[in-house]
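Please set out in plain terms what can be read from this structure, chain by chain and where the chains meet.

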Amino acid sequence: MPLNALPAEGFLNRETELGYLKGLSGLKGSALGGNVLLEGARGIGKTELLKQLYCSLFRETAVVPFYYSFRTGNLKGTYFAKDYFTAFVRQYLAFTRKEPFTGGGAETLQRLLPAISSLGLHWLIDSVDDFQEHLKNSDAYWQIVTAISLPAVAAQQSGKQIIVLLDDFDAAEDLYEKNLGDVPGLITLFGESLQSSLCPHVMTGCAGALEAIFTDRSLIGMAERMWLGPLPEDLALDLFRTHLAHLKITSPPVEQLKFLGILRGNPLYLRNLAKALWKMGKRELTERDLIEGYSYEISDGETAFYWSSALNRAVKNPARRRPILKWLLQFLQDGGMEDGGRAAVIAGVGEAETLEALETIKRLGMIRGRDRVLQDFLRCLYMREVEGKKAGEAREKIEAQYLSKDAELCFEMVIPMSSNAELVVARAVEQIGKNINLDEEYLNYLQLALIEVCINAIEHSGSYDKKVFLKFIMRSGSLEIIVENTGRPFSLDSHKDLPAEEKLRLGIKRGWGFKLVYSIMDDVKIERVNDRTRVILTKKFKDKEVYR
Amino acid sequence: MRSVQFSVSSRVEGDTAIIYPRGYLNNLSGEGLVRECGMYIGKGITKIVVNFGETDLVNSIGISLILQIIEDLRNIEGTIYCTNMSKFLRDTFEMLGLLEYMRVFPSESDALQYLKVGQYEH
């Protein structure tokens, strides 16, 4: 196979799209369309679809496929032109001879000439001569034009349609002659090729970026959009199990694979998770293994590397990385933020800079849809880079939020920071306690602990949104209560554990709250997550505390 | 947990004031309790019985205000007598080390009997 595409059993649920793209040459021939912007979330399988299309067409004879992937290192006009031109020649020869590409991509155009001659492709020799003439004259502009127009020339000369598959096409917007940004708009040189009735184009890229490109007046109206959605749940499971089988990992029963739902049918995430599990030496999976594999993946695995690269591309100034990271995490957690000014305050950077970063991040497709994996990656990165946590600690926290999902019962509530609002929480605890048959007196202690945490938030946080967020998670044998609020960070220093006599002597009567909380609960954790304080209270139940 | 609005009432029996806090003992209600006790302390009453029989929930602010009453009574060499406390309330005071600053009796009558005859039969 000329391109390294997935085997058929690993390429699922894209038959409709593949069929449509294969028919593009017909549409182009009858002027009904023929250029497609293939959009979709990162990792959803756009590149794979192009590769599958390529392989499928390569096996046939009617249409010549040409695949080109834009790379950051090849955006200098002369480099790009040579690379693009040579790639086309090599792929055209391979298609004509029905052989894999020759020479591993290292041959010069000069060395390809005998093969071109042997096939009697004289028009192609003329094109190579033209291109080499532009090289000799160091004419960057004409090198680019000649390279980009080669598929259309080839189609015209051979009478055979050529489908041009441009992967990460949005990167072409950054093509330059000598220095970055010196000649904006070189991408519009693709306009002529796009107009050719013999050359349908399929272009991938981040949705926001592609939209921006095709609003340019020279390209407007030249392409239709095709949205590549996630795999349905059942097919996502099938794909994951196929990956596991290839890696010789025993899949757990379907009910233990529910966790995969957070990957939202993203083939890249599914593949990366399977590989992470393999790297970790997991061979017989449990749900816990999946969660551990996931935390590894978003902390140190390929998914982390993938998103980290995208983030580096968006935020080139390392000094700005932390504030932008903080802002981005907040942005995703809040599900968007209309107020650029507030975003800037949170990020601790200027409003203009925040908006610029937002634009870049949008172009990279980092904020389209609610991608839980991306959020977790950012959260993990934030814990490590901003909060200074070790990788293991950060991973534990990520795992904890999913391990809690296997809880028997979970309630969430929000109370206003107003007088006696904590009583609403106390009532909730009372009802929860009744549901799980907790001893009434024992319930009072839980109420007291929770009341203390709530009034601490209400009194000391100085929160602007004036809300306390609570989550009750009941498992067999324990109750976990998570209390969160924005505002001032919580500090145990302000709650020194003074004995009563000392308090009387010093005239300090407050500061009992957390002493009670620590006395009542089995475990108390206080964390700072972004601009929120999170208190996690855990109580384990013993038999005597539960009515039978 | 009952939904009783906090209120405080009191009566005097001999040289003893008996206070009845009801409902949720927090900052607002705790201040009401301090005021009620303060009224008697101001009159020189050194024996204050607080009957917690109708107090269903407390928070640390409410507890800190009880400390205020203890302090006010100390200044006049008085004592607070707490009665009818639930196990929960008693344990909570114990957790904070407050029991040694108060006398605790199972019932109001036990406290009054003790104050009258100087002894209390368990």
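Chain B of this predicted model has an average pLDDT (the predictor's confidence in each residue, from 0 to 100) of 87, and 93% of its residues score at least 70. Within chain B, confidence is lowest in strand 4 (residues 54-58), with a mean of 85, and highest in strand 3 (residues 47-51), at 95. For the complex, the predictor gives an ipTM of 0.84 and a pTM of 0.57. Since the model is predicted, local features need pLDDT of at least 70 and side-chain atom pairs count only at pLDDT 80 or more, while totals for chains, interfaces and linings use all residues. Residues are numbered from 1 along each chain as its sequence is written, and chains are lettered from A and ligands numbered from 1 in the order in which they are written.

**The two chains**

Helices (H or I, at least four residues) and strands (E, at least two) are DSSP runs, numbered from the N terminus. A residue is buried if 20 or more other C-beta atoms lie within 10 Å of its own, exposed if 12 or fewer, and partly exposed in between, with C-beta atoms placed from the backbone. Two residues are in contact if their C-beta atoms, placed from the backbone, lie within 7 Å.

Chain A has 22 helices and ten strands. Of its 548 residues, 40% count as buried. Among contacts in chain A with a separation of 6 or more, 71% are between residues 24 or more positions apart.

Chain B has four helices and six strands, and from the N terminus on its elements run β-β-α-β-β-α-β-α-β-α. Buried residues make up 43% of the 122 residues in chain B. Of the contacts in chain B between residues at least 6 apart in sequence, 68% join residues at least 24 apart.

**Cores and the contact between chains**

A nonpolar core is a set of buried Ala, Val, Leu, Ile, Met, Phe, Trp, Tyr and Cys residues joined through C-beta atoms within 7 Å. The largest one has 70 residues, and those with the most contacts inside it are Ala449(A), Leu450(A), Val453(A), Cys454(A), Ile19(B) and Ile48(B). Helix 20 (residues 440-460) of chain A supplies the largest share of this core, twelve residues. A second, separate core has 59 residues, including Leu57(A), Ile148(A), Ile187(A) and Met203(A). Not counting residues up to four places away in sequence, Ala449(A) touches Leu516(A), Val517(A), Ile520(A), Met521(A) and Leu537(A).

Between the chains, 23 residues of chain A are in contact with 19 residues of chain B. On the side of chain A that touches chain B, helix 19 (421-435), helix 20, helix 21 (500-506) and helix 22 (513-520) each supply at least two residues. Helix 20 gives the most to that side, with eight residues. By class, the side has eleven nonpolar, four polar and eight charged residues; here Ala, Val, Leu, Ile, Met, Phe, Trp, Tyr, Cys and Pro count as nonpolar, Asp, Glu, Lys and Arg as charged, and the others, Gly among them, as polar.

**Elements of chain A**

Strand 2 (residues 64-69) of chain A has five of its six residues buried, so it is largely enclosed by the rest of the structure. Six bridges join strand 2 to strand 3 (residues 162-167) of chain A, and the two run parallel; strands pair if DSSP finds at least two bridges between them. The bridge partner of Phe66(A) in strand 3 is Val164(A).

Helix 17 (residues 372-385) of chain A has 14 residues and reaches 20 Å from its first C-alpha to its last, close to the 20 Å expected at 1.5 Å a residue; the expected span is 1.5 Å times one less than the number of residues. Ten of the 14 residues of helix 17 are buried, among them Asp376(A), Arg379(A) and Tyr382(A).

**Single residues**

Phe469(A) is found in strand 7 (residues 467-475) of chain A. Leaving aside neighbours within four places in sequence, Phe469(A) is in contact with Val414(A), Glu484(A) and Asn485(A). Phe469(A) and Met413(A) are 56 residues apart in sequence and 6.1 Å apart in space, C-alpha to C-alpha.

In chain B, Glu77(B) lies in the loop between helix 2 (60-75) and strand 5 (79-83). Asn84(B) lies in the loop between strand 5 and helix 3 (87-95) of chain B. Phi of Glu77(B) is near 55 degrees, a positive value in a residue other than glycine, and Asn84(B) has a positive phi of about 50 degrees although it is not a glycine.

| Residue | Other C-beta atoms within 10 Å | Class |
|---|---|---|
| Phe469(A) | 17 atoms | partly exposed |
| Glu77(B) | 7 atoms | exposed |
| Asn84(B) | 21 atoms | buried |
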